[in-house]
Amino acid sequence: MQNKTQNTVHDIFALYFEGKSNQKLAYTLSKKLEHGHICIDIDNSPPEDKDYLSLNKIESSKYVTQDAINNIKPFVLHNNKVYLHRYYYYETNILERINQLINTGKNNRKRQINSIIKNKKYILDLFELKHEENLEKDLLIPWQLIAVLSSILNNFSIITGGPGTGKTTTITKLLAILFKINPDISVALAAPTGKAAARLNESLITGANNLKHLSNDIVEKFKELKAQTIHRLLGVKYESTEFVHNKENPLKYDLIIIDESSMIDVAMMSKLLDSIQIKSKLVLLGDKDQLSSIEAGSIFGDLCKSQAKINSFLNIDFEFFNNIITTEELQIPPSFATNNGNILTGTIVELQRSYRFKSTEGIGKFSNLVIHGISDEQQIFEPFNECVNTTQCVKITEDFNELDFYKMISHYQKYIKEKNIDNALKYINEVKVLCAVKEGEYGVSNYNNKIENYLKSRGLLNPKQGFYHNQIIMISTNDYSLGLYNGDIGIVRNDPASDQLKAYFQSEDKIINYPVANINNYKTVFAMTIHKSQGSEFENIIVILPENQENTLISRELIYTAVTRAKNNVLLISKKDILIKAVNNKTQRISGIMDRI
């Protein structure tokens, strides 16, 4: 137990157990969960914890079991890792369900291969493969095509890649091919947040309209697709953590596609997999380098890291893919083929080439340096001190500069002056301030005040306590009765017809509104935390890092996630030593996923 003047939730949890070592174990495990870990790794625990985290003491504890099925106890010891029983169940269930999907898919492999061969010309026409000069060999490989072929062959597949690598373009082509193979295929699309679901809808419709070779009936099928939140897909039970769809009542879809999968925590992933029939296909999309979910677990990243080399394929798949790719220069080199592997080998494809950002400048170059932990001052600061181009620019400044800051903030006037609410909801994405912390001088609260006061001084806003006209708000707690979910962003406006304030939100494919009296848990979000920005895109962003060097939450994944929210320009306000420390700080969440695959 910890000696504190005020007990934390971890202290209170520990009091349920007898004995000092058991209490310390309970406290530590509870604390680990708070920090996103789903277990304690005994072998890599700090020296000061070795006393109560010794294997002998844990094995002899009356609260610990090594047989989680036949001898249920609060804690589970497995592979020298200690879990709360519930989280051990989630992790085990995820692996078992993935195994079932993959093994069921293997039984259909011959049929899927025949479908691909039969539609080879149609598939190649969709991708329009061509050799491009001045590209590295790895970037020449048509990874989008390979991701599509892998997703057709397998019942479980992952498509990962950074911003602009074409994840939704790949899904658009996958759907076009599957609609051609089986016109009656039933499809569900979902994402963790309403905003991400709306973006997926928009991207798929745009992508389908841009594709050649699509028949009218396939175009119509795209129009029928409606992405929704995972909560809505699974069916919310009022005042329950369980869902309508589960193992006993699975979803009746042939194909389920989930976007922004890095945001899914271990509990939600387990429940999602429970809801899927093992004869169905599941495709997970996401960026493995982004921040993990706010809740415990980094399941999407852990699954991707289970491969010693990304884009590894068993020889049988390697040969099949190269038979489809008829241009020799574009074929997969033998270095990507393997005789060995694990259950996930060949099911994970990382898209390599960004079509949004150039890798040699601006946002593309900076984000690559950050995620690879390159913090050398001459590389990470000097090229970005001044913007050469007016777009996709990263400008780093050590001190708050009012001229730069308020020039960016002035983009907010676009939504304020827009009378049409549909357009206004789009224009709120013109700019966003992203803070690493919630409170203090560098936190969300302070910067919301700065922005409100600036817009007030320009006669654009009249901020006050509670709700006010043209306020941007974010829902902070799921409200199933209204169909609003944590992270949904909307605008408060005065409705002339009723002369009352209403909150307007983009909900998947439509605009919904409610009187503000119905909105209970919300925050003003001219500025928001980087964590809450996941699944969103903004034209321009300002990133604020604190000056406290002891803040261990500032990591390379945090910086990468922040700067890649921008489609246009980034203003990064940070002291050099803080940014260098962040880039050198790689987030490590403890789980047993990689050991158990």
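How many of the 9 residues of helix α13 (residues 266-274) are buried? The count is 9 of 9, so helix α13 is largely enclosed by the rest of the structure. The structure is a predicted model. Its mean pLDDT is 88, and 96% of the residues reach 70 or more.

**Confidence**

- Residues 1-5 have pLDDT that stays under 50.
- For residues 1-5 the model has 9 contacts beyond four places in sequence.

**The open sheet of 4 strands**

- The order of the strands in this open sheet is β1-β4-β3-β2, and their pairing is mixed.
- The edges are taken by β1 (40-41) and β2 (64-65); each has a single partner strand, so one side of each is left without a neighbour in the sheet.
- Strand β3 (residues 75-78) pairs with β2 in the parallel sense, over 2 bridges.
- Opposite V64 stands F75, a residue of β3.
- Helix α4 (residues 85-107) packs on the sheet and touches β3 and β4. The direction of α4 makes about 105° with that of β4.
- Helix α2 (residues 20-34) lies across β1, β2, β3 and β4 (81-84). Relative to β4, helix α2 runs at about 80°.

**Helices α5 and α8**

- Helix α5 (residues 109-118) packs with helix α8 (residues 143-153) at an angle of about 140°, and their axes are 9 Å apart.
- That angle makes α5 oblique to α8.
- On the α5 side, the contact is made by R109, Q112, I113 and I116. On the α8 side, L149, I152 and L153 make the contact.
- By type, the residues of this contact divide into 5 nonpolar, 1 polar and 1 charged.

**The open sheet of 6 strands**

- In this open sheet the order is β7-β6-β8-β9-β5-β12, with parallel pairing.
- The edge strands β7 (228-229) and β12 (348-351) each pair on one side only.
- Strand β8 (residues 255-258) and strand β9 (residues 281-286) are joined by 4 bridges and pair in the parallel sense.
- Within that pair, I256 has L282 in β9 as its bridge partner.

**Helices α13 and α14**

- The buried residues of α13 are V266, A267, M268, M269, S270, K271, L272, L273 and D274.
- Helix α14 (residues 299-305) contains G301.
- G301 counts as buried because its relative accessibility is 12%, and the cut-off for buried is under 20%.
- G301 and D289 are 12 residues apart along the chain, and their C-alpha atoms are separated by 7.3 Å.

- All 5 of the 5 residues of strand β14 (residues 431-435) are buried, and the strand is mostly covered.
- In a regular strand, side chains alternate between the two faces of the sheet.
- Strand β21 (residues 538-544) pairs with β14 in the parallel sense over 5 bridges.
- C435 stands opposite I544, which belongs to β21.
- Strand β20 (residues 527-529) runs parallel to β14 and is joined to β14 by 3 bridges.
- V433 stands opposite A527 in β20.

**Strand β22 and its partners**

- Strand β22 (residues 566-573) is mostly covered, with 7 of its 8 residues buried.
- β21, a partner of β14, also pairs with β22 in the parallel sense, over 6 bridges.
- The bridge partner of F538 in β22 is A566.
- Strand β13 (residues 393-397) pairs with β22 over 5 bridges, again in the parallel sense.
- For K395, the bridge partner in β22 is L571.

Notes
Residues are numbered from 1 along each chain as its sequence is written. Side-chain values use heavy atoms; hydrogens and water are left out. Two strands pair if DSSP finds at least two bridges between them. Contact means heavy atoms within 4.5 Å. Axes are lines fitted to C-alpha atoms, for helices over the stretch in contact, and angles run from 0 to 180 degrees between N-to-C directions. pLDDT is the predictor's confidence in each residue, from 0 to 100. Angles under 35 degrees count as roughly parallel, over 145 as roughly antiparallel, 65 to 115 as roughly perpendicular and the rest as oblique. Ala, Val, Leu, Ile, Met, Phe, Trp, Tyr, Cys and Pro count as nonpolar, Asp, Glu, Lys and Arg as charged, and the others, Gly among them, as polar. Buried means under 20% relative accessible area, exposed over 50%, partly exposed in between (1.4 Å probe, protein chains only).
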